[in-house]
Amino acid sequence: MFLFPILNLKMLVNIINKLFEYSNNYIEVRIDLNLPMPAFSIIEKNIYGRFVPVILINEKIMQENENVIAHIMAHEWGHHVSNHLELVPPPPHEMPSMEERQKKEDEADLYAAKFIKEYMYDRKPIIDFLNKHPSDLENRLKILNSQFE
Ligand SMILES: [Zn+2]
């Protein structure tokens, strides 16, 4: 099994602690090597029936650059603190519209941009990463850069 190198684990913990400090919200972060994307946010019930916000990450397909990881984690953190997640998934006919989903993605990106700026992460590797995964590229770059003007 592939394990997170200890340095990267320390780096991840460092980012998570900054996000806790920044938001005053605790989100559980758990590694899931079967996750088909770098990170994904859920709310699950623990064994006592209490709802727990969780960010799942797949370290195998996560970038190694600290700035990129900080941006990815802050984006997911933003989904949680902005109350974007449903406690119970809605039935298919009540799924959010494209516009609603886009609005949530933009809000999460704005949250990440503010966090990146506040903690003086380097924007350059994040921009390089977004360029390599050019989904909604122009809009995402605009949101990121909006905090640095
Ligand atoms: Zn998102």
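Asn24 counts as exposed because it has 8 C-beta neighbours inside 10 Å. The model is predicted: local features need pLDDT of at least 70, side-chain atom pairs count only at pLDDT 80 or more, and totals for chains, interfaces and linings use all residues. Residues are numbered from 1 along each chain as its sequence is written.

Asn24 sits in the loop between α1 (6-23) and β1 (28-31). Helices (H or I, at least four residues) and strands (E, at least two) are DSSP runs, numbered from the N terminus. The phi angle of Asn24 is near 55°, which is positive although the residue is not glycine.

## Asp136, another loop residue

Asp136 lies in the loop between α4 and α5. Its phi is near 60°, again a positive value in a residue other than glycine. Asp136 counts as partly exposed because it has 14 C-beta neighbours inside 10 Å.

Helix α5 covers residues 137-146, and its buried residues are Arg140, Ile143 and Leu144. They lie on the same side of α5 because they cover an arc of only 100° around the axis; the arc is that of the directions from the helix axis to the C-beta atoms. An α-helix has 3.6 residues a turn, so residues three or four places apart point the same way.

The buried residues of α5 pack against α3 (98-118) and α4 (123-132). On the other side of α5, the exposed residues are Glu138, Lys142 and Asn145.

## The largest nonpolar core

A nonpolar core is a set of buried Ala, Val, Leu, Ile, Met, Phe, Trp, Tyr and Cys residues joined through C-beta atoms within 7 Å. The largest one has 25 residues, and those touching the most other members are Ile69, Ala70, Met73, Ala74, Ala112 and Ile116. At least two residues of this core come from each of α1, β3 (51-57), α2 (66-81), α3 and α5. Helix α2 gives the largest share, seven residues.

Leaving aside neighbours within four places in sequence, Ala112 is in contact with His71, Ala74, His75 and Gly78. Two residues are in contact if their C-beta atoms, placed from the backbone, lie within 7 Å.

## Val54 in strand β3

Val54 belongs to strand β3. With 19 C-beta neighbours inside 10 Å, Val54 counts as partly exposed. Its C-alpha atom is separated by 4.7 Å from that of Glu28, a residue 26 residues apart from Val54 along the chain. Beyond its neighbours within four places in sequence, Val54 is in contact with Glu28, Arg30, Ile42 and Glu44.

Conventions
A residue is buried if 20 or more other C-beta atoms lie within 10 Å of its own, exposed if 12 or fewer, and partly exposed in between; C-beta atoms are placed from the backbone.
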